[in-house]
Amino acid sequence: MSLALFWIFAILTLLFAVGVVVFRSPVSSAMSLVMSFVGLAALFVTLDAFFIAVVQVLVYAGAVMVLFLFIIMLLDLRTEERRPVKLAAWAGGGIVLAGFLVAIARVISSLPGATNTKPEILPGLNDVAQVGVALFRNFNLPFQIIGVLLLVATIGVVVLSRRELK
Amino acid sequence: MPTLAHYLYVSGALFSIGLLGVLLRRNILIIFMGLELMLNAANLSLVAFSRFHPGLDGLPGYNAQVLVFFIITVAAAEVAVGLAIIVALFRAKQTVHVEDLDTLKF
Amino acid sequence: MNTLIAPWIILFTPLAAAAVILFVGRHSKPLSAGLAIGSAAVGCLLSWWLFLQPDPEEVLRFPWIAIGDSWLQMNLSIPIGVTVDHLSKLMLVVVTTIATLVFTYSIGYMKTEEGYWRYFAGLSLFLFSMLGIVLADNFVMMFIFWELVGLSSYILIGHYFRKDSAADACKQAFIVNRVGDFGFLLGILFLWAATGTLMFGDLTSGKGIALFAANPIYLTVACLLIFCGTVGKSAQMPLHVWLPNSMEGPTPVSSLLHAATMVAAGVYLLARIFPILEAAPHALDVIAWIGGITCFAAALMATQQNDIKRILAYSTISQLGYMVLGMASASSADVSMFHLFTHAFFKCLLFLCAGSVIVGMHHEQDIWKMGALKNKMPVTFLIMCIGGLALSGCPFFSGYYSKDLIIAWAVVKYPLLGWLSVATAGLTAFYTVRLLTVVFLGKPRGDQAKHAVESPLVMLVPLACLALPSFIAGYPFIEKLFFHVEEPTAVPHLLHPVLLFLFAVGVVSAFLLYRNAEKDPIFIPLFANRLYIDNLYDWLVKNIQGRGAAVLSWADRWIVDLFIVQIPSKIVWGSGFVLRFFQIGNIQAYAFFFGLGVIGLVHFLIFR
């Protein structure tokens, strides 16, 4: 049952990810990215990471994708006209992709315990509380710094998107 | 039951698809989406490792999940800034096509 | 007010004044002058107050440098602190009193000059530096202020920097001083290496000297190297050449820096380390000879100079020679300090009078263009006579007491040098009276002399204030107040009559020779050309230093520049040129290279 769910969501995620790359219309790409992220969130659920799954949906599939769609509409991007495909680009992409796949395969196959199934964990855990405890107890300073980073990013965006005053 | 290797292969595949998007698509927005895919592939492997290597107390490694939380936060900030840069770029050049953005070359 | 804080206020008030003048003084002449004089006056009042207090038990001291541990086998601890003892209090009084008077006089002298604020800022900076030397409680701090004094001297000599001669003179003063200061620095390091401490208190208390007991040669070398600093700053032979040329600066500067206080810093340094010097008799011999020779040779050169300020400059060198000789021969530093004290007043006075004459003559300095000024400038004449008599050692004037004391000690300890200094006393009387006679008596020798006018009151009042101490500063009741000097035993009975006789001979011969002279009746090229020492230095610099510089310049151009600079730069440029072709400006190509790099890294790092 759990294996079946894994395959369903994994294939969903990967298919829509391929869609992001393949679709010619930016809006289609963005929508398939949303679906890919939702599938990824479901994979997180199969890993008992409920909090991360929820954050994934809220932040990525929600906020980030809305931002993408806004920008697409703001820039008024239409479906790309077909440009002649560059052989060099495809060849380069192929080489790098093949290299990556080989590297990943070799790493995973040489990883000890890669074929273990999920070990048992305590049932009925309060996932959010555990992440919160780890966050505020072990990573308090990084958490504060992340807050500052967000502030800086906000200011940066305001400055960047201001029109030149002349 | 899915094993750790299953998740890692999915993560690797997702990363490769994202990389392919970055390498092949010439719309800068799509390239940006490819980057997001790559980040999420990393998140997936982190969460998988945390679930498959529980601590001595029988709990998953929540430190990894905190790291994922940070990655998501930074990625959100990155998207906001990146898109702002793209907008500014578009205003200046009237294009999102990376091949038209080559003024930095020798 | 207490004795802890007072020295620091005295020290830092002039610095604050200099800073304020530098920033706002440009716009207001009265403000610049007022701030400078005010700071000097505050220092003067506090110094006198401090002088009348007993020596404080403790002083304020701040840690500054603390290096060292047991592993390095060394320990260097240098605080910033003050010494408040009899010696420093005395110098404080002398420096601040004279500075106040000279600052006031400067209002009149500099009235029409450019760079008024710059001048007063420089004077305040100088005062700060000089007080730093006086108050320093360790060698490093003293060295810092020593260099600051050199800097302010450089700034002030070069006040008229648009004039080539002034620009050259300030450079020369700085560079010649560096030679001496280099020795001084070496001496400080030597002293530290030998004793491990640089505090005056530790070194002079007997503990420091005891550290040298094992190898006394160290002590001699260290003393001689430190004496190099004195040779530079106090213009002893052979580094005296800068002092006459420093007369290019404004006359009050010559008066304060190059006659009364700054050049006395070298003598003050010797007084500071007097207990160490006493333990190094060989070093004392060298010091005595340098002092004695300087004293005599400078007096010879002074007899043939024609510039009013240069005559006084050589006489300053000569008097400093007396002080150095006194340090080497007397039983206590107070003997030379006594002469420093009286000399500061009368030499400052003489320079200020010379300044008054120069202003009256519309900046003409050649004494052979002057003459008969006693009718035009009676007050200046009267006061300058007091200064001149004090300098030449006329009985009942201050110089008589202090100089004769040094000569008496010198005759007892170094008979040859002592009688040389006796002869110098006669020469001193001769050139002083020559100066006074040619400038003030006889007939006017030029239009400017005919139309000279007396200086304004702001210049005459400081002159009058200085005339009093120039006259009485040597009297026993004042001497008892400031010093604890003693007469040497076994002075030859002949000494005092001989001194009086030589004084009389010098005065009378000079008066008769120059009373009606139109031009100098004696011409001795050797003395007029300053014993050819300046020419010798010119020749040395031109031939040895110049040739060496040419060789080094060739090496720099063809070896350093070619092999170390040009060739590597061409290699870097060439490789950059080749690598530029990889910059194709396409972001995806960069991503491609980046991906290849990552794959390579993974393979190398994980699978090797």
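**Notebook: chain contacts and ring pairs**

I started with chains A and B: 85 residues of chain A and 72 residues of chain B take part in the contact, where contact means heavy atoms within 4.5 Å. I noted that this is a predicted model, in which local features need pLDDT of at least 70 and side-chain atom pairs count only at pLDDT 80 or more, while totals for chains, interfaces and linings use all residues. Residues are numbered from 1 along each chain as its sequence is written, chains are lettered from A and ligands numbered from 1 in the order in which they are written, and side-chain values use heavy atoms, without hydrogens and water.

**Entry: A with B**

I looked up the buried area (accessible area, 1.4 Å probe, lost by two parts on being put together, summed over both). Chains A and B bury about 7200 Å² between them, with 78% of it on carbon and sulfur atoms.

Next I looked for salt bridges (a side-chain nitrogen of Lys or Arg within 4 Å of a carboxyl oxygen of Asp or Glu). I found one across this interface: Arg51(B) meets Asp48(A) at 2.6 Å, N to O.

**Entry: C with B**

Here 10 residues of chain C and 12 residues of chain B make the contact. They bury about 890 Å², 66% of it on carbon and sulfur atoms. On the chain C side, Arg580(C), Gly585(C) and Gln588(C) lose the most area to chain B, together 49% of what that side buries. I found zero salt bridges between these two chains.

**Entry: rings**

I then turned to aromatic pairs (rings of Phe, Tyr and Trp, the last by its six-membered ring, with centres within 6.5 Å; planes under 30 degrees apart are stacked, over 60 edge-to-face, the rest tilted). The count over all chains is 41.

I picked out Phe338(C) and Phe483(C), a tilted pair with 5.2 Å between centres and 50° between planes. Phe338(C) sits in helix H16 (residues 334-360) of chain C and Phe483(C) in the loop between helix H23 (476-482) and helix H24 (495-514), so the pair ties together parts 145 residues apart in sequence. Helices here are DSSP runs (H or I, at least four residues), numbered from the N terminus. Both Phe338(C) and Phe483(C) are buried (under 20% relative accessible area, 1.4 Å probe, protein chains only).

I also checked Tyr401(C) and Tyr475(C): their centres are 5.4 Å apart and their planes at 80°, so this pair is edge-to-face. Tyr475(C) is buried, at 18% relative accessible area.

Last, I noted a cluster linked by ring pairs: Trp48(C), Phe51(C), Phe338(C), Phe341(C), Phe345(C), Phe482(C) and Phe483(C).

Conventions
Helices (H or I, at least four residues) and strands (E, at least two) are DSSP runs, numbered from the N terminus. Buried means under 20% relative accessible area, exposed over 50%, partly exposed in between (1.4 Å probe, protein chains only).
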